[in-house]
Amino acid sequence: MKATILFLFTCIATPFLYAQDSCTRYYPFTEGAKFQITTYDKKDKVAAIADYHVESVESSAQGEKATIATTVKDGKGKDLVATTFDVLSKNGATSIDFKSLIPPGMLDQYKNLDYKISGTNMEIPAELEVGKTLPDANMTLDISMAPMKMQLQVNVTNRKVEGKEPVTTAAGTFDCYVITYTTEFNMGMSRQSSSKQWIAEGAGMVKQEDYDKKGKITSTSVLTAFSK
């Protein structure tokens with residue numbers, strides 16, 4: 001289940017697909033677009049499949065907002081979770097709601113309790129280039145369970161564009177930027193992982209590898225289907 005939770009976080013927080021203009025080229029802003037990301041465990045067995053659907057795209061003076069619906073199944077086809085999150089486009093950057101950093105289904109456990117969520121959205125500039133450093137993102141979930149209090153922190157740091165290279169998956173061959181970053185989960189105990197992600201203009205996240213603190217691959221996610 002730990003591998004599944006990490007997969008859910010990485011896929012829901014950072015999938016990419018079709019875009020309409022330069023400020024949204026790395027995220028889905030086409031209403032009705034659908035895409036699928038499949039994750040494999042360290043033994044190359046299917047661990048989970050996430051299907052995404054762009055339910056709506058709204059424009060305002062503040063920019064554009066896409067609402068993404070997500071359903072996730074395990075490797076045997078059993079439903080794990082269904083959720084939604086928003087993606088914003090403003091001033092040449094794509095901004096992913098920091099609430100997407102919450103492990104899916106977690107809030108359902110605390111729906112009858114008092115909680116507060118704060119954080120910084122994950123941003124992706126319109127123009128990527130090798131060597132560029134990207135902004136950090138974070139989320140803090142404070143939960144009141146009188147007389148106790150709990151806190152979950154997720155920090156995404158060290159985001160950097162490391163290179164460009166082609167990647168081939170079942171969905172095709174894509175020219176990708178390579179982005180690396182570190183993720184730290186802290187809820188009483190701290191757990192850190194690192195990731196390497198390949199994203200392509202017009203196709204988004206094509207592949208992602210997640211590593212443990214020793215540098216060993218714990219899961220691999222790939223774009224396995226898309227339509228618009």
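Modeller: Aspartate 210 lies in strand 12, where helices (H or I, at least four residues) and strands (E, at least two) are DSSP runs, numbered from the N terminus. The model is predicted, so that local features need pLDDT of at least 70 and side-chain atom pairs count only at pLDDT 80 or more, while totals for chains, interfaces and linings use all residues. Residues are numbered from 1 along each chain as its sequence is written, and side-chain values use heavy atoms, with hydrogens and water left out.

Aspartate 210 is buried yet has no salt bridge, the nearest side chain of opposite charge being arginine 191, 9.9 Å away. Here buried means under 20% relative accessible area, exposed means over 50%, and partly exposed lies in between (1.4 Å probe, protein chains only). Lys and Arg count as positive and Asp and Glu as negative, while His and the chain ends are not counted. The side chain of aspartate 210 does have polar contacts, one of 2.6 Å with the side chain of serine 195 and one of 3.1 Å with that of glutamine 208. A polar contact is a pair of N or O atoms within 3.5 Å; within protein, one must be able to donate a hydrogen and the other to accept it, and residues adjacent in sequence count only if both atoms are side-chain atoms.

Side chains of opposite charge can pair when their charged atoms come close. A salt bridge is a side-chain nitrogen of Lys or Arg within 4 Å of a carboxyl oxygen of Asp or Glu, and by this rule the count comes to three. One of them joins lysine 207 and glutamate 209 at 3.5 Å, N to O; lysine 207 counts as partly exposed at 22% relative accessibility, whereas glutamate 209 counts as buried because its value is 13%. Another joins aspartate 79 and lysine 73 at 2.4 Å, N to O, with aspartate 79 exposed at 55% and lysine 73 partly exposed at 32%. Glutamate 58 and lysine 65 also meet in a salt bridge, at 4.0 Å, N to O; glutamate 58 is partly exposed, with a relative accessible area of 46%, and lysine 65 is partly exposed as well, at 29%.

Lysine 213 sits in the loop between strand 12 (204-211) and strand 13 (217-227), and it is exposed, with a relative accessible area of 79%.
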